[in-house]
Amino acid sequence: MSNVIIIGNGPAGISAALYTSRAGQNTTIIGKDEGSLKRAEKIENYYGFAEPITGSSLVSQGILQAKRIGVKFVSDEVVGISYNGKLVVQTKDNEFTADSVIIATGSSRTTPKIKGLKEFEGHGVSYCAVCDAFFYKGKDIAVLGNGEYAVHEAAELIATSKSVTLLTNGMELNAEVPEGIAVNTKEIESFGGDGVISEVKFKDGTSLAISGVFVAIGVAGSTDLAKKIGAETDGKKIVVDENMATTVPGLFAAGDCTGGMLQVAKAVYEGAKAGTEAIKYIRNIGDN
Ligand SMILES: Cc1cc2nc3c(=O)[nH]c(=O)nc-3n(C[C@H](O)[C@H](O)[C@H](O)COP(=O)(O)OP(=O)(O)OC[C@H]3O[C@@H](n4cnc5c(N)ncnc54)[C@H](O)[C@@H]3O)c2cc1C
C-alpha cells in the first residue's frame, strides 16, 4: 500500500509527488502516457528555461526528478476509484490502496459527435457504470468504446442488465472481452428514441434496440474517475475547494482536470497544493 497514489504523470501529478515524497509519504504515480504535453512542440512561457523546451522533455525531466527522490511509477491505465475503508485505485489488472489519492489526469475526454448522443444525455446516455447501472436493471444496454475502459464498464453492467453490447463504432477492438458481453463493430449512424433512447441505428441500415448507452471511449477521463467515487463534478471539471480537495475525504484533484487556465504553471501550483494538503490529511487521520 502507498500512502498517496497520484493518477497522472503530467506537471500536476509530478509536482504533487515532489511534495508528498519529500515529506516522507510513500508515493506511487500511475500514468499511461505523456498527456497533453506530448502535443506541445515548444514551451517558452514556463519559468526557468532559457531556451524553449518540448513538452516531451518537460515530462521526461519531471519523471526523472521524481524518481530521484523515490517516487514509484506504474505505467498503466486507471479504470476506476472506489472506497473500502481505504481509497482503492483500479487498473486493468491490478488494485492499489492508499490513504489519499490525487487525480491529475488532465482535461476530460470529448464526447464523440454521433447524432443523438448529446440530446439523450440523462435520458439513456450515461458516462458512469457504477453510478447509473441501477437505472438499467434488467434492460438491454450498450457500451460505446473499444478499449480496456469500455470492457471494464461493460463488465460492471453485466451483473444487473439483461444484456450488454459493446459498440465499437467501426473501431478495432483493443481489449479482451469476457464471456456474456456481445460485440458489434458496425459504424453508428445515430441514437434514436422518443424522449429516451430506444435504439441505435447503424450506417448499414440495421438497428439494435437498447434502453441505454454508456459512453466509454478511450480512457477514463478525469470526471469519469471522480464520479465513480461520488466526487462532485461540473461539466468537464472536477469540483475542488481552495485546498484542491474534492467532495470525497482524502481525494484531491489538480491541473487541467479542475478547469480554469490550462497551463503548465497552474498545473504545477495546484499539484504542489494538492500534495501538501494530502500530507496534512494523512497526518490528521493518524496514519503517518
Ligand atoms: C498542443 C498543446 C500545446 C500546449 N502548449 C502549452 C504552453 O506552451 N505552455 C503551457 O503552459 N501549457 C501548454 N499546454 C497546456 C499544458 O500541456 C497543460 O496545461 C498541462 O500539461 C496540464 O498538466 P496536467 O498534469 O494537468 O495534465 P496532463 O499534462 O495532460 O497529464 C495528464 C496525465 O494523466 C495521465 N492519465 C490520463 N488519464 C489516465 C488514466 N485513465 N489512467 C492513467 N493515467 C491517465 C496521462 O497519461 C498524463 O500522464 C499545451 C497543450 C497542448 C495540447
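Let's start with two strands, β8 and β9 (residues 163-167), which pair in the parallel sense over five bridges. Strands here are DSSP runs of E with at least two residues, helices are runs of H or I with at least four, and both are numbered from the N terminus. Two strands count as paired if DSSP finds at least two bridges between them. In general, strands of a sheet pair through backbone hydrogen bonds, either parallel or antiparallel.

Before we go on, please note that this is a predicted model, in which local features need pLDDT of at least 70, side-chain atom pairs count only at pLDDT 80 or more, and totals for chains, interfaces and linings use all residues. Residues are numbered from 1 along each chain as its sequence is written.

Now look at Ile141: its bridge partner in β9 is Val164. From β8 the chain crosses through helix α4 (residues 148-158) to β9, and this β-α-β crossover is right-handed (with the strands pointing away from the viewer, the path from the first strand over the helix to the second runs clockwise).

Strand β8 also pairs with β14 (residues 212-215), in the parallel sense over four bridges. Here Ile141 stands opposite Gly212, while Leu144 has Val215 as its bridge partner. Four of the five residues of β8 (residues 140-144) are buried, so this strand is largely enclosed by the rest of the structure. Buried means that 20 or more other C-beta atoms, placed from the backbone, lie within 10 Å of the residue's own; with 12 or fewer a residue is exposed, and in between it is partly exposed.

Stepping back, you can find an open sheet of five strands in the order β7-β14-β8-β9-β10, with parallel pairing. At its edges stand β7 (125-126) and β10 (181-184), each with a single partner strand, so one side of each is left without a neighbour in the sheet.

Next, turn to helix α1 (residues 11-22). Its 12 residues reach 17 Å from the first C-alpha to the last, close to the 16 Å expected at 1.5 Å a residue (1.5 Å times one less than the number of residues). Of these 12 residues, 10 are buried, so α1 is largely enclosed by the rest of the structure. Just after α1, Gly24 takes a positive phi of about 90°.

Finally, find the ligand. It is surrounded by 33 residues, and the closest are Gly8, Gly10, Gly35, Gly106 and Gly255 (a residue is near if its C-beta atom, placed from the backbone, lies within 6 Å). The elements giving two or more residues to this shell are α1, β2 and α6.
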